[in-house]
Amino acid sequence: PMTVVMLVEFRHGIIPVIYNALQASYAFTDQLQPQDWVALMTFDLKPTVVVDFTHDKNSVYAGLRSLQVANYSEADLFDALSDTIDRLDGVKGRKTLVLIASGLNTFSHMHFDQLKKKISQTQNITIFSVNMSWALEEYLDEMGMTGAAQMPLLQGANEMRYFADATGGRYYQPRFQGGFPDVFKDISADVRSQHMLSYVPTNK
């Protein structure tokens, strides 16, 4: 079974990005099995536990449906990721963190170098980063805003890739909603294979 936290960017503004993030969250929830432990967290100015660890997939669906209006427009990604790692440190065994976000970070107190150091010291937590910035890229392209205007997105993509690579996870950047199921099937299969490889029979 998996022990997994979905950490989802949910903030005011950038409606296509947030809509896609929520749709992606539904797609991951679809992959859950009855024995899996899952928690749902969101972040804007601060992280929020929407659904604490549960085996009940319907509770996660209900939590996602409850996300109607965000309170803030900020996306404090680094602070939210740090907080989630702290929460997972108290959970036994191998843990998975599925980060569904645009990669943008606005007013975090924690700097990237500080977060890198924290992640390097983290054990038994694997991060799978799913970048939702493609809808924003398309919008900026349509507005003729290229080059420097898109640098924060490129930086965010590189940082999300680092989170995954540094913890033995994977980085994904789906370009359309139809690709979500394959992404999360891949994550689910990867996590379950890791658990199989680390399993030690008790009857030996």
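This is a predicted model: local features need pLDDT of at least 70, side-chain atom pairs count only at pLDDT 80 or more; totals for chains, interfaces and linings use all residues.
**Entry 1, threonine 3.** Leaving out residues up to four places away in sequence, I listed Trp37, Phe53, Val91, Arg94, Lys95 and Thr96 as its contacts. Threonine 3 sits in strand β1. Is it buried or exposed? Its relative accessibility is 12%, and buried means under 20%, so I noted threonine 3 as buried.

I then turned to the largest nonpolar core, which has 36 residues. Phe28, Val98, Ile100, Val130, Phe184 and Ile187 are the members that touch the most others. Which elements supply at least two residues each? I wrote down the strands β1 (3–9), β2 (37–43), β4 (95–101) and β5 (125–131), and the helices α1 (15–30), α2 (57–65), α5 (134–142) and α7 (180–198). Helix α1 gives the largest share of this core, 7 residues.

I picked one core member to follow up. With residues up to four places away in sequence not counted, phenylalanine 28 touches Met2, Val4, Met6, Val98, Phe184 and Ile187. I also found a second, separate core of 25 residues, with Val5, Met41, Leu99 and Ile119 among them.

Last, I looked for empty space. Rolling a probe the size of a water molecule over the atoms shows where such space is left. The largest pocket has a volume of about 220 Å³. I counted 14 residues in its lining, and those nearest its centre are Phe10, Arg11, Ile15, Ile18 and Gln68. How many of the lining residues are nonpolar, polar and charged? I recorded 9 nonpolar, 4 polar and 1 charged.

Key:
Residues are numbered from 1 along each chain as its sequence is written. Side-chain values use heavy atoms; hydrogens and water are left out. On a 1 Å grid over the protein atoms alone, a cavity is a set of points where a 1.4 Å probe fits but cannot get out, and a pocket is an open set with protein on both sides within 12 Å along at least five of seven lines; lining residues have an atom within 4 Å of a point. Grid points are joined across faces, edges and corners, and a volume is the space filled by probe spheres set on the points. Ala, Val, Leu, Ile, Met, Phe, Trp, Tyr, Cys and Pro count as nonpolar, Asp, Glu, Lys and Arg as charged, and the others, Gly among them, as polar. A nonpolar core is a set of buried Ala, Val, Leu, Ile, Met, Phe, Trp, Tyr and Cys residues joined through side-chain atoms within 4.5 Å. Buried means under 20% relative accessible area, exposed over 50%, partly exposed in between (1.4 Å probe, protein chains only). Helices (H or I, at least four residues) and strands (E, at least two) are DSSP runs, numbered from the N terminus. Contact means heavy atoms within 4.5 Å.
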